[in-house]
Amino acid sequence: QVQLVESGGGLVQPGGSLRLSCAASGFTPDYYVIGWFRQAPGKEREGVSCMSSSNGNTYYADSVKGRFTISRDNAKNTVYLQMNNLRPEDTAVYYCATVEVPWELITVQAICVVPAMASWGQGTQVTVSS
């Protein structure tokens, strides 16, 4: 059974930084995609960034390109989202999610969408406010 546990959320001022962590356990498929999604109040959940397990290829939503970086520590089975230059519009609950895929993906943009994900964490709140 897949378990994803997020941590690292909090309150930060505009322009500040946070690093989210997602500790994964319970699965070791050959190929999978893991990523971060967020849901702001009154809005639909959206993909923020995803990464392919096999080749490390990444995808970023336009709204976070150049500010957020997804990375992983395979030894710790943990995925991170480094968020810099945070803006009030980044305020949301951030979720880690993953899905097994049948083969290595060259690009992950198409699968970095809510309906494609199979397992979800409980979410961590990020609030950007002065």
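## Basis

The model is predicted: local features need pLDDT of at least 70, side-chain atom pairs count only at pLDDT 80 or more, and totals for chains, interfaces and linings use all residues. Residues are numbered from 1 along each chain as its sequence is written, and side-chain values use heavy atoms, with hydrogens and water left out.

## Disulfides

A search of the whole structure gives 2 disulfides, a disulfide being a pair of cysteine sulfur atoms within 2.5 Å. With the bonded cysteines of the chain numbered in sequence order, the pairing reads 1-3, 2-4.

Cysteine 22 is bonded to cysteine 96, with an S to S distance of 2.1 Å. Cysteine 22 belongs to strand β3 and cysteine 96 to strand β9, so this pair ties together parts that are 74 residues apart in sequence. Strands (E, at least two residues) and helices (H or I, at least four) are DSSP runs, numbered from the N terminus. The link of cysteine 22 and cysteine 96 is left-handed, with -75° about the S-S bond. Both cysteine 22 and cysteine 96 are buried; buried means under 20% relative accessible area, exposed over 50%, and partly exposed in between, with a 1.4 Å probe and protein chains only.

The other link, between cysteine 50 and cysteine 112, has an S to S distance of 2.0 Å. This pair links distant parts of the chain, 62 residues apart: cysteine 50 is in strand β5 and cysteine 112 in the loop between β9 and β10 (119–120). The link of cysteine 50 and cysteine 112 is right-handed, at 75° about the S-S bond. Cysteine 50 is buried at a relative accessible area of 0%, and cysteine 112 counts as buried at 4%.

## Nonpolar core

The largest nonpolar core has 38 residues, and those with the most contacts inside it are Val33, Trp36, Phe68, Leu81, Met83 and Tyr94. At least two residues of this core come from each of β3, β4, β5 (46–52), β6 (58–60), β7, β8, β9 (92–100) and β11 (124–128). A nonpolar core here is a set of buried Ala, Val, Leu, Ile, Met, Phe, Trp, Tyr and Cys residues joined through side-chain atoms within 4.5 Å.

## Largest pocket

The largest pocket has a volume of about 240 Å³. Of its 16 lining residues, Ala24, Phe27, Tyr32, Asn77 and Thr78 are the closest to the centre. Two or more lining residues come from each of β3 (18–25), β4 (32–39), β7 (68–73) and β8 (78–83). By class, the lining has 6 nonpolar, 8 polar and 2 charged residues.

On a 1 Å grid over the protein atoms alone, a pocket is an open set of points where a 1.4 Å probe fits, with protein on both sides within 12 Å along at least five of seven lines; lining residues have an atom within 4 Å of a point. The volume is the space filled by probe spheres set on the points. Asp, Glu, Lys and Arg count as charged; Ala, Val, Leu, Ile, Met, Phe, Trp, Tyr, Cys and Pro as nonpolar; the others, Gly among them, as polar.

Arginine 87 is in the loop between β8 and β9 and is partly exposed, with a relative accessible area of 34%. Leaving aside neighbours within four places in sequence, arginine 87 is in contact (heavy atoms within 4.5 Å) with Ser63, Arg67 and Val128.

Serine 130 lies in the segment after β11 and counts as exposed at 83% relative accessibility. Serine 130 and serine 54 are 76 residues apart in sequence and 40 Å apart in space, C-alpha to C-alpha.
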